[in-house]
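This report describes the fold of one protein chain and a few of its residues. Please keep the sequence and the model in view while reading.

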Amino acid sequence: MKFDRKRIAEMRKLYIPDSKVLEVMNIQPDDRIIDFGAGDGYYSILFSNFLRCGYVYAIENDDEAISMINERINDNKKVQVINGDLCDMELPEHNKAFFSNVFHDIECRDKLMEKIVNTKYVVLIEFKKGTNFGPPESIKINQDELESIFNKYDFKRDMHIELEMHYIDRYVK
């Protein structure tokens, strides 16, 4: 699928305040964060530039996006770009996982959930159902559906933020 990355960046700036994302991420000095479906690397770089962040793994399988991330990270030693299918790869050691508008597209959710079952924090940004924004309504996941998925793996939602077109949830062990 071809993404309009410029439009995605504009919509992110309009509808998803960095301050809210950073609040929910609660970044600590030794954090090792996986940014699943990192796209253009925006959040990977945001997290890595946060003074206390340990390390960020930007996982992406789109070659164009990987080129963009590599261009943007320059000499940033706190970001490692990993090209691959998250369904089939072995994940690097981490304590936090981040999904920005990608969890609804993941076809191997159960397999992935097994891989992140010991993750301390999982933060997800998802499109709200009932808005004329984002993917088709049929694949959007509302917060109750998301909570049901994560509860199955013994995660508990401890933070929920409503935004105009999205919501942000944090799950903890």
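## Basis of the model

The structure is a predicted model, in which local features need pLDDT of at least 70, side-chain atom pairs count only at pLDDT 80 or more, and totals for chains, interfaces and linings use all residues. Residues are numbered from 1 along each chain as its sequence is written, and side-chain values use heavy atoms, with hydrogens and water left out.

## Overall architecture

The chain contains six helices and seven strands. Both kinds of element are DSSP runs numbered from the N terminus, helices being H or I of at least four residues and strands E of at least two. Read from the N terminus, their order is α-α-β-α-β-α-β-β-α-β-α-β-β. The radius of gyration is 15 Å, close to the 16 Å given by the globule rule for 173 residues, so the chain is as compact as a globular protein of that length. This radius is taken over C-alpha atoms, and the rule is 2.2 Å times the number of residues to the power 0.38. Along the principal axes, the C-alpha atoms fill a box of roughly 40 × 35 × 30 Å.

Of the 173 residues, 51% are buried. Buried means under 20% relative accessible area, exposed over 50%, and partly exposed in between, with a 1.4 Å probe and protein chains only. Among contacts (heavy atoms within 4.5 Å) with a separation of 6 or more, 64% join residues 24 or more positions apart.

## Surface and charge

The chain exposes about 8900 Å², of which carbon and sulfur atoms supply 47%. These areas come from the Shrake-Rupley method with a 1.4 Å probe.

There are 25 positive and 32 negative side chains, and the centres of the two sets lie 3 Å apart. Lys and Arg count as positive and Asp and Glu as negative, while His and the chain ends are not counted. Each charge is placed at NZ of Lys, CZ of Arg, CG of Asp or CD of Glu.

## Helix H2 and the residue after it

Val21, Val24 and Met25 are the buried residues of H2. Viewed down the helix axis, they fall within an arc of 100°, so they line one face of H2. The arc is that of the directions from the helix axis to the C-beta atoms. An α-helix has 3.6 residues a turn, so residues three or four places apart point the same way. The cover over the buried residues of H2 includes S1, helix H3 (42-49), S4, strand S5 (121-127), strand S6 (156-162) and strand S7 (166-172).

Asn26 follows H2 and lies in the loop between helix H2 (18-25) and strand S1 (32-36). Although Asn26 is not a glycine, its phi is positive, about 45°. Its relative accessibility of 30% makes Asn26 partly exposed.

## Other selected residues

Asn101 also has a positive phi, near 55°, without being a glycine. It is located in the loop between strand S4 (96-100) and helix H5 (109-115). With a relative accessible area of 17%, Asn101 is buried.

Ser44, in helix H3, is buried at 0% relative accessibility. Beyond residues up to four places away in sequence, Ser44 touches Asp35, Ala38, Val56, Ala58 and Val79. Ile139 lies in the loop between S5 and helix H6 (143-151) and is partly exposed at 31%. Apart from neighbours within four places in sequence, Ile139 contacts His104 and Asp105. Its C-alpha atom is 9.8 Å from that of Phe127, 12 residues away along the chain.
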